[in-house]
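Thank you all for making time this morning.

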Amino acid sequence: MDAEALGQLVSRIAEGSKFILVSNREPWLHERDTMGIKVLRPASGMVTALEPIIRATGGTWIAHGAGSADRLVTDHKDRIEVPPEKPAYVLKRVWLSKKEENGYYYGISNQTLWPLCHIVYTRPRFSREDWEIYRRVNQRFCDAVLEEAGSDPAIVFIQDYHLALLPRMLRTARPDLFLIHFWHIPWPNCEAFRILPWGEELLDGLLGNDILGFHIQYHCNNFMDTVERTIESRVDYEQFRIFRGGRPTHIRSFPISVDFHQIANDSESQRTRKSYDRIVKELGEGVLGTTVYAGVDRIDYTKGIPERVKAFDLMLKLHPEIHGKVTLLQLAAPSRTHIEDYRDINDKLDDLVDEVNWRHQTEEWTPVRFLRGHHDYYTVLASYKIADILLVTSLHDGMNLVAKEYVSARKKNPDGVLLLSQYTGASRDLQDALLVNPYDIEQMADMMYASFCMDNSERAERMSRMIKQVRRNTVYDWGAKIMRELEKILPTGGVR
Ligand code: ADQ
């Protein structure tokens, strides 16, 4: 399945009705800078996955306009055509006040639902005022979708935990719409979920959907159990659907992926080569003579970044013979820095990296190189080329696209080891990775050392099998699987 085939599939299924994608995060931000206005792509797994699909299908993407120059470039209906270099779809922006952004995005989305669903021992915060704002903002998104749909039939594809109440709002206003929702983060077990004071309202919101998707079956099972124990409904375990108010919501797993061929090609491009040379220059040529362990993450307490630095430190303590022969390169994009837990982990990481470097470094060798920042796409690809071993050590992660991007970037040269947390959705798909429990620092240090020692043929065999896996299951296959599921539940004759 490629972009074109997916585009054709969606057009056939949608039969001329509108295709509307809704998410909190916008795929392109316009920011003011000293030179005028610059356009940015956010570091977000959700955007990375969805952009190729909407490019293929056309339609409208509705999202929060968060850039400082966003209003300057949109028309009177808050719309702009994107991507900037080759417009393929419309971006419609929803404007939020600072107070709304605080209550809805920094409050409920990222201090309540994010920690509640990830279960990494960061306590969720509950504020009734924020919940009211969350509800109001969901209504704003609802208004924007209704305006965009007009009176036409439409398929609305909703993203993530920021918009849990939107499906019920849309279902009430327009019972004829087809609603699909993809939840990009884990769904917790019922015991973890039941502390949410607004659990019933949230579930009712999600049960407005026709299809609700998660990355893995385990999250589907958790969702079914949560509904059964929390809210009045009929839960059908045989067909994995839930009836509330007559119409069923189909619960399905759709493991997300990446644009394999695009990443494989771009990894061999001149721009990636240039970024590669720039990183090597910045780090010093000497780094290429070492085995490079790399991490590429948003700085988030779920990603297990301090844990991997500690494991690297322990490996150096246990194996002095590899001093000077290994480097840990971490690309780390600051994220959600208005939230205290995120500021804490930033500070903690600085201290930890200083401490580890202080303990082991010599005049010629700095073991940990920490490149803080939102790096551009080609720099991320270049870091995959540099990485002999890629570290994905999330404490919990819905899928984790970084793991699949690394594998794609290795197509031309099937070499390199993927060390992967067993608590990522990706660990179900990439069985040739070395799986680790990131809470167990000692085991992780052992596995890091085992990666260092792995012989060439085993590395190549494992990587080749993972390349095959990702090539057969790209983001277009993910989109197609969702669309085929929609086709199954449509009345004969399509959306109309
Ligand atoms: P995220 O938590 O954002 O996604 P992930 O899937 O790893 O996590 O995607 C991160 C994206 O940002 C990747 O495309 C990566 O290349 C990019 N990125 C990371 N660090 C960067 C940096 N320093 N500079 C620039 N770019 C960087 C959420 C869920 C995941 C799920 C995705 C998609 O938490 O579990 O896989 O959505 O569903």
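**Strand 12 and its surroundings**

Let me begin with strand 11 and strand 12, which run antiparallel and are joined by three bridges. Please keep in mind throughout that what we are looking at is a predicted model. One of the pairings here is between Phe 243 and Pro 248, the latter lying in strand 12. The two strands form a hairpin with four residues between them, and in that turn Gly 245 has a positive phi of about 70°.

On another side of the pairing pattern, strand 12 is joined to strand 9 by four bridges, and these two strands run parallel. Here Gly 213 has Arg 252 of strand 12 as its bridge partner.

How many of the six residues of strand 12 are buried? Six of the six are, so that the strand is mostly covered. If we look at directions, Pro 248, His 250 and Arg 252 point one way, while Thr 249, Ile 251 and Ser 253 point the other way, and all are buried.

Stepping back to the whole chain, the domain assignment gives domain 1 as 3–257 + 476–489 and domain 2 as 262–471. Their contact takes 29 residues from domain 1 and 24 residues from domain 2. The C-alpha centres of the two domains lie 30 Å apart. The area buried between domain 1 and domain 2 is about 2100 Å², of which carbon and sulfur atoms give 64%, and the count of salt bridges between them is zero.

Let me turn to Val 280, which is found in helix 11, residues 270–283. Why does Val 280 count as buried? Its relative accessible area is 5%, and it counts as buried because the cut-off is under 20%. Leaving aside residues up to four places away in sequence, Val 280 touches Glu 285, Leu 288 and Ile 386. The peptide bond from Val 82 to Pro 83 is cis, with omega near -10°, and Pro 83 lies in the loop between strand 5 and strand 6. Asp 78, although it is not a glycine, has a positive phi of about 65°, and Asp 78 lies in the loop between helix 3 and strand 5. Asn 400, likewise a residue other than glycine, has a positive phi near 95°, and its place is in the loop between strand 16 and helix 15. As for accessibility, Asp 78 counts as partly exposed at 25%, whereas Asn 400 counts as buried at 7%.

How values were computed. Residues numbered from 1 in each chain as written. Predicted model: local features only at pLDDT ≥ 70, side-chain atom pairs only at ≥ 80, totals over all residues. Heavy atoms only, no water. Buried < 20%, exposed > 50% of the residue type's maximum accessible area, 1.4 Å probe, protein only. Contact = heavy atoms within 4.5 Å. Pairing = 2+ DSSP bridges. Domains from an automatic or database assignment. Buried area = accessible area lost by both parts, 1.4 Å probe. Salt bridge = Lys/Arg side-chain N within 4 Å of Asp/Glu carboxyl O.
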